[in-house]
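Me: I would like to learn how to read the side-chain features of a protein model with some care. Could you take me through them one at a time, giving the general idea before the particular case?

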Amino acid sequence: MCLAVPGRVLEIGEKDGTRMATVDFGGVQKEVCLEYLPDLQVGEYAIVHVGFALQRLDEESARQTLELFEQLGMLQEEFGDPWEMAAEAVGAPWPFTDDEPAADGAHTEARQEEIPQ
């Protein structure tokens, strides 16, 4: 599921002629396009969806929403490591280590050797 998540603008710059920002989403930082909100400033909050800041948001609303998402586990779902979540879903240990068998009984070390570099 893709959520529109509130985030706080940490830095603003330009990348290939596009106004971009580093945005903090409750501890996770992502690069976000600011073309829809060209007057957004450092320290302000915005609702972000698929990498685009879509709407300015006041700080209190942003914090309440982030807290709610955190309680519901939605921040992990949105920003978590997909490999870790897949391992969790099948009950496999994370992170894998060389001495732990993989779900199919093979060792992770053997699997790593099979992958071409």
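Reply: Let us begin with exposure, where a residue is called buried under 20% relative accessible area, exposed over 50%, and partly exposed in between. Because E59 has a relative accessibility of 40%, it counts as partly exposed. Please keep in mind throughout that this is a predicted model.

Me: Which residue forms a salt bridge with E59?

Reply: The general idea is that a side-chain nitrogen of Lys or Arg must lie within 4 Å of a carboxyl oxygen of Asp or Glu. For E59 that partner is R63, with the closest N and O atoms 2.5 Å apart. R63 and E59 are 4 residues apart in helix α1 (residues 59-72), so about one helical turn separates them. R63, at 42% relative accessibility, is likewise counted as partly exposed.

Me: How many salt bridges does the structure hold, and which distant parts of the chain does the pair of K15 and E31 link?

Reply: The structure holds 4 salt bridges. In one of them the side chains of K15 and E31 meet, at 3.5 Å from N to O. This pair links distant parts of the chain, since K15 belongs to strand β1 (residues 5-15) and E31 to strand β3, 16 residues apart. K15 is partly exposed, with a relative accessible area of 43%, and E31 is also partly exposed, with 46%.

Me: Which residues are linked in a network of salt bridges?

Reply: The network consists of D39, E44 and R56. Within it, D39 forms a salt bridge with R56, whose closest N and O atoms are 3.3 Å apart. That pair again links distant parts of the chain, with D39 in the loop between β3 and β4 and R56 in strand β5, 17 residues apart. D39 is partly exposed at a relative accessible area of 47%, and R56 is partly exposed at 33%.

Me: How should I read a pair of aromatic rings, and what is the count here?

Reply: In general, one describes such a pair by the distance of the centres and the angle of the planes. Rings pair if their centres lie within 6.5 Å, while planes under 30 degrees apart count as stacked, over 60 as edge-to-face, and the rest as tilted. By this rule the count is 1 aromatic pair. The rings of Y36 and F52 have their centres 5.5 Å apart and their planes at 45°, which is why the pair is tilted. Y36 lies in the loop between β3 (28-33) and β4 (45-49), whereas F52 lies in strand β5 (residues 52-57), so the pair ties together parts that are 16 residues apart in sequence.

Me: Is Y36 buried or exposed, and what stands opposite F52?

Reply: Y36 counts as exposed, at 55% relative accessibility, whereas F52 is partly exposed, with a relative accessible area of 32%. Opposite F52 in β5 stands H49. The strands β4 and β5 run antiparallel and are joined by 5 bridges. Their hairpin has 2 residues between the strands, and V50 takes a positive phi near 40° there.

Me: Where is confidence lowest, and where is it highest?

Reply: The mean pLDDT of the protein is 77, and 62% of its residues reach 70 or more. Confidence is highest in β5, at 95, and lowest in helix α4 (residues 108-114), at a mean of 43. Over residues 106-117 the pLDDT is below 50, and this stretch has 14 contacts in the model beyond near neighbours in sequence.

Notes. Residues numbered from 1 in each chain as written. Predicted model: local features only at pLDDT ≥ 70, side-chain atom pairs only at ≥ 80, totals over all residues. Heavy atoms only, no water. Phe/Tyr/Trp six-rings, centres within 6.5 Å; stacked < 30°, edge-to-face > 60°. Buried < 20%, exposed > 50% of the residue type's maximum accessible area, 1.4 Å probe, protein only. Pairing = 2+ DSSP bridges. pLDDT = per-residue confidence, 0-100. Contact = heavy atoms within 4.5 Å.
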